[in-house]
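This briefing is intended for a reader who is meeting the structure for the first time. Please keep the sequence and the model in view while reading.

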Amino acid sequence: MSEDGGSATPRWDTPAVQERRLRRTLGFWGLTAVGFSNIVGSGWLFSALYAAQTAGPASLLSWVAAGLLCALIALVMIELGASRPEGGGTVRWPLYASGRLVGTLVGWSVLLSVGGTAAEISAIMQYADHYLTGVYSGGSLTPLGLGVAVALSTLLTVLNWFTVTAFARLNNLVSVLKIVIPVVTVIALLASGWHAGRLTGHGGFAPYGYGACLTALAAGGVVYSVNGFQAPLDFSGETRNPRRTVPAAVLTAIGLAVLVYLALQVAFLFTVPERLLGHGWSGVQFDSPFGQLALILNLQWLSSLLYADAVLSPGGSAYVGVAVDARHTYALAKNRTLPRLFMRVSEARGIPHQALLLNLAVIFVFLLPFGGWQDIVSVMGDMYLLIYASSAVAVAVFRTPAGGGTVGRVPGLRWIAPVSFVVASEFVYWSGWHDLRLALPLVLLGVALFLATRRRTVRETERTPTLAEEVRTGLWWVCHLLALTLLSWVGSFGGRGWLPAPWDSVAVAVLALAVFGWAVTSGARHLERGYGQEALPAA
């Protein structure tokens with residue numbers, strides 16, 4: 001019998017065999033660099049402006065709140081990564097805890113989130129047009145730009161082709177630069193253009209009220225600038241001593257990123273020229289905030305450095321994104337959502353090469369500059385947010401008697417898990433109607449993928465739940481996504497506005513708490529019937 005309960009799978013082609021081929025060589029700093037590089041992309045060049053426009057100096061509180069909220073969700077994922085380390089674990093845990101319908105929909109959303117990597121590569125082309133004219137025009141790639149983007153995607157794949165140790169060494173170097181350049185920016189700006197009294201002048205510390213801190217957190221994009229911390233979890237199967245290393249690396253990556261963002265926010269607040277504050281913080285306008293500030297302060301060298309970093313930062317994030325996407329695809333093949341071919345791990349390199357090649361092909365498709373296509377691709381990167389919600393349910397299910405009833409290594413999970421599910425649902429909702437009207441219906445198309453792959457699963461395994469059982473187990477996820485779509489349509493984040501703020505966010509919280517209880521009950525029954533237990537790694 002195979003690991004998944006089937007007898008048709010050759011002994012050498014089981015997930016357990018492929019998992020053992022992964023090289024467990026990543027340490028604390030390598031894993032921390034993965035998380036930090038995935039969090040800090042090109043967004044740091046703009047986030048301080050958007051936050052200041054929304055909340056003024058009180059935006060500093062928004063960054064602290066974003067770090068705390070992300071750390072709260074991270075605690076749930078840390079528990080899973082430390083107790084059940086596995087390559088592509090963020091895709092595997094929902095399958096174990098909530099059945100194949102939820103596992104397939106989460107996996108499908110993760111596959112769609114490869115569009116986020118393609119969007120980073122497009123962003124690189126947009127910034128590179130400053131040096132290499134003709135690669136980006138009219139909001140999309142030119143034929144020349146498409147060729148360069150394809151070449152860059154191929155290069156990033158090749159750089160991921162070798163061992164995970166080689167990947168980590170290069171990423172460590174990139175991460176150091178992604179720390180050094182913002183720090184140099186902060187020091188140079190503060191040394192050249194400090195204006196005292198910014199925390200109390202121009203309307204005071206909170207010129208638009210403290211409620212604007214929440215607006216900056218959600219609509220201002222602050223919370224999304226701290227996302228991406230889940231990347232180390234997908235490398236937990238390639239980590240030395242994951243029970244100790246994973247928690248420390250994830251929390252350190254979040255902490256470093258928040259410190260960088262706070263320093264940049266302080267530099268922006270204290271160096272904007274007085275003449276630009278005539279209409280308050282909301283009236284400050286820049287196309288390239290730090291680059292233009294550098295030019296105003298006669299720091300030409302800093303402006304040039306920032307334009308270079310506008311290519312480096314998304315390049316580093318795309319480099320990590322290619323690696324993470326490959327682990328997701330590898331896990332999807334273990335889930336049988338994709339053919340088992342893409343589960344193969346190179347014995348010589350310890351890398352899932354077929355998964356890398358499939359993702360490269362997907363990136364090529366996502367780069368196509370068709371009219372309207374890029375609008376769809378640009379929102380797909382947000383779909384990894386669904387991993388947060390499904391992981392919160394998974395950790396709660398595993399704590400039930402049916403899941404082993406383990407106390408866990410993170411204290412307070414009894415309340416952290418439901419709160420994390422609420423926060424994750426808010427993150428999805430705060431993405432706004434413009435994104436969700438495209439993204440959530442695309443995710444729900446995964447129901448068709450579930451039905452198609454279920455046939456193969458039934459053929460290849462000896463014991464599979466009936467279709468009715470699987471639908472009952474995973475129906476909560478479909479209903480949750482449909483309800484979030486409806487609330488987004490009637491809510492204040494780009495929707496009709498019929499449900500005004502903050503009551504729309506309150507409604508999402510109430511919905512999430514109700515769905516969480518339903519989800520945990522369904523997951524526990526799923527495990528009580530004996531499904532998913534055979535796939536659970538030892539805690």
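The model is predicted: local features need a pLDDT of at least 70, side-chain atom pairs count only at pLDDT 80 or more, and totals for chains, interfaces and linings use all residues. Residues are numbered from 1 along each chain as its sequence is written, and side-chain values use heavy atoms, with hydrogens and water left out.

**Confidence**

- The average pLDDT (the predictor's confidence in each residue, from 0 to 100) is 85 for the protein, and 91% of the residues score at least 70.
- Among the elements (helices are DSSP runs of H or I with at least four residues, strands are runs of E with at least two, numbered from the N terminus), helix H21, residues 503-528, has the highest mean pLDDT, 95.
- The lowest mean pLDDT among the elements, 59, belongs to helix H15, residues 373-380.
- Residues 1-9 have a pLDDT below 50, and this stretch has 32 contacts (heavy atoms within 4.5 Å) in the model beyond near neighbours in sequence.
- Over residues 534-539 the pLDDT also stays under 50, and the model has 18 contacts for them beyond four places in sequence.
- Where pLDDT is low, the predicted coordinates should not be read in detail.

- The expected span of a helix is 1.5 Å times one less than its number of residues.
- The 26 residues of H21 should span 38 Å, and the end C-alpha atoms of H21 are 38 Å apart, in agreement.
- After H21 comes Gly530, with a positive phi near 90°.

**The loop between H20 and H21**

- Gly495 lies in the loop that links helix H20 (467-490) to H21.
- With a relative accessibility of 28%, Gly495 counts as partly exposed (buried means under 20% relative accessible area, exposed over 50%, partly exposed in between, with a 1.4 Å probe and protein chains only).
- Not counting residues up to four places away in sequence, Gly495 touches Trp433, Ser488 and Trp489.
- Gly495 and Arg437 are 58 residues apart along the chain, and their C-alpha atoms are separated by 9.6 Å.
- Pro502 also has its place in the loop between H20 and H21, and a cis peptide bond with omega of about 5° joins Ala501 to Pro502.

- Beyond four places in sequence, the contacts of Phe268 include Ala48, Leu49, Trp281 and Phe290.
- Ala263 is in helix H11 and is partly exposed, at 29% relative accessible area.
- From Ala263 to Leu60 the C-alpha distance is 9.4 Å, although 203 residues separate them in sequence.
- Ser47, in helix H3 (residues 44-55), is buried at 6% relative accessible area.
- Setting aside neighbours within four places in sequence, Ser47 is in contact with Trp63, Ser225, Tyr261 and Gln265.

- Most residues other than glycine have a negative phi, and most peptide bonds are trans.
- Asn298, in the loop between helix H12 (289-296) and helix H13 (300-334), has a positive phi of about 60° and is exposed at 69% relative accessibility.
- Arg336, in the loop between H13 and helix H14 (353-366), has a phi near 70° and is buried, with a relative accessible area of 1%.

**Cysteines**

- The structure holds 0 disulfides, a disulfide being a pair of cysteine sulfur atoms within 2.5 Å.
- The closest cysteine sulfur to that of Cys70 is in Cys213, 16 Å away, too far for a bond.
- Cys70 is buried at 0% relative accessible area, whereas Cys479 is partly exposed at 32%.
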